[in-house]
Amino acid sequence: MIDEMDRKLLRVLQAEGRITNQELASRCAISPSACLDRMRRLKERGYISGYAALLDPEKLDQSFLVFVEVVLDRTTGDVFRRFSAAVAERPEILECHMVAGGFDYLLKLRLKDMAAYRKFLVDVLAEIPGVRETRTYAVMDEVKSTTALPI
């Protein structure tokens, strides 16, 4: 279990992942050694799973954002495993979620443009064994996108 100070540390860290221990301690009004101990404990207990830089998709020519619903032809363990393995290899797929409802998986992809997505759809996604049907949703405006958890 974590206390309010741990939550405060995590909120600041989510907003500024490269903050120094000294600055983090100062913002949370604790000593640097106490801050370091708490951060070590949060990492050891798995509250902090890693650190990453957030990149600008437009500057990297990856501004086309698309969501894809995937329906499999069968919902058996072997089909799920093959699909998951194929998806895990594709860098264009940022997220893949198995969902309950009218389809089996929801994918989030970043690519250069619609032409790149069409090529991906035909050459990659449609070729994965077990994929029966897809529905594509091209994003027109990214209203909110965050990695921060509400803690």
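User: Hello! Is Cys35 buried or exposed?

Analyst: Welcome! The relative accessible area of Cys35 is 0%, in what is a predicted model. Buried means under 20%, so Cys35 counts as buried.

User: How many disulfides does a search of the whole structure find?

Analyst: Cys28 is in no disulfide, as the nearest cysteine sulfur, in Cys35, is 6.4 Å away. Cys28 also counts as buried, at 1% relative accessibility. For the whole structure, the number of disulfides found is zero.

User: What span is expected for helix H3?

Analyst: Helix H3 covers residues 32-44, which gives 13 residues. From its first C-alpha to its last it reaches 18 Å. That is close to the span expected at 1.5 Å a residue, which is 18 Å.

User: Why are the buried residues of H3 said to be on the same side, and what arc do they cover?

Analyst: The residues in question are Cys35, Arg38, Met39 and Leu42, which are buried in H3. Their directions around the axis fall within a limited arc, which puts them on the same side of H3. That arc is only 100°.

User: Which helices are included in what covers the buried residues of H3?

Analyst: The face of H3 turned away from its buried side carries the exposed residues Leu36 and Glu44. On the buried residues themselves, the cover includes helix H1 (4-15) and helix H2 (21-28). So the helices to look for are H1 and H2.

User: Which residue just after H3 takes a positive phi?

Analyst: Follow the chain just past the end of H3. The phi there is about 85°, and the residue is Gly46.

User: Which element supplies the largest share of the largest nonpolar core?

Analyst: The largest nonpolar core has 19 residues, and Val68, Val70, Phe83, Leu107, Leu109 and Phe120 have the most contacts inside it. Strand E1 (64-72), helix H4 (77-88), strand E3 (105-111) and helix H5 (114-123) each supply at least two of its residues. The largest share, five residues, comes from E1.

User: How many residues are in the second, separate core?

Analyst: In soluble globular proteins, nonpolar side chains tend to be buried together. The second core includes Leu9, Leu10, Ile19 and Ile30. Its number of residues is 14.

User: What is the distance between the end C-alpha atoms of H4?

Analyst: H4 has 12 residues, and at 1.5 Å a residue they should span 16 Å. The end C-alpha atoms agree with that, being apart by 16 Å.

User: What arc do the buried residues of H4 cover?

Analyst: Val79, Phe83 and Val87 are buried in H4. They lie on the same side of the helix because they cover an arc of only 60°.

User: Which strands are included in what covers the buried side of H4?

Analyst: The face turned away from the buried side of H4 carries the exposed residues Arg81 and Ala88. The buried residues of H4, by contrast, have cover that includes E1, strand E2 (93-98), E3 and strand E4 (131-138).

User: Are Phe64 and Tyr117 buried or exposed? And which parts does the pair of Phe80 and Tyr105 tie together?

Analyst: Phe64 and Tyr117 are both buried. Phe80 and Tyr105 form an edge-to-face pair, 6.1 Å centre to centre with 75° between the planes. Their positions are 25 residues apart in sequence, so the pair ties together helix H4 and strand E3.

Note on methods. Residues are numbered from 1 along each chain as its sequence is written. This is a predicted model: local features need pLDDT of at least 70, side-chain atom pairs count only at pLDDT 80 or more; totals for chains, interfaces and linings use all residues. Side-chain values use heavy atoms; hydrogens and water are left out. A nonpolar core is a set of buried Ala, Val, Leu, Ile, Met, Phe, Trp, Tyr and Cys residues joined through side-chain atoms within 4.5 Å. Buried means under 20% relative accessible area, exposed over 50%, partly exposed in between (1.4 Å probe, protein chains only). Helices (H or I, at least four residues) and strands (E, at least two) are DSSP runs, numbered from the N terminus. The expected span of a helix is 1.5 Å times one less than its number of residues. The arc is that of the directions from the helix axis to the C-beta atoms. Contact means heavy atoms within 4.5 Å. A disulfide is a pair of cysteine sulfur atoms within 2.5 Å. Rings of Phe, Tyr and Trp (its six-membered ring) pair if their centres lie within 6.5 Å; planes under 30 degrees apart count as stacked, over 60 as edge-to-face and the rest as tilted.
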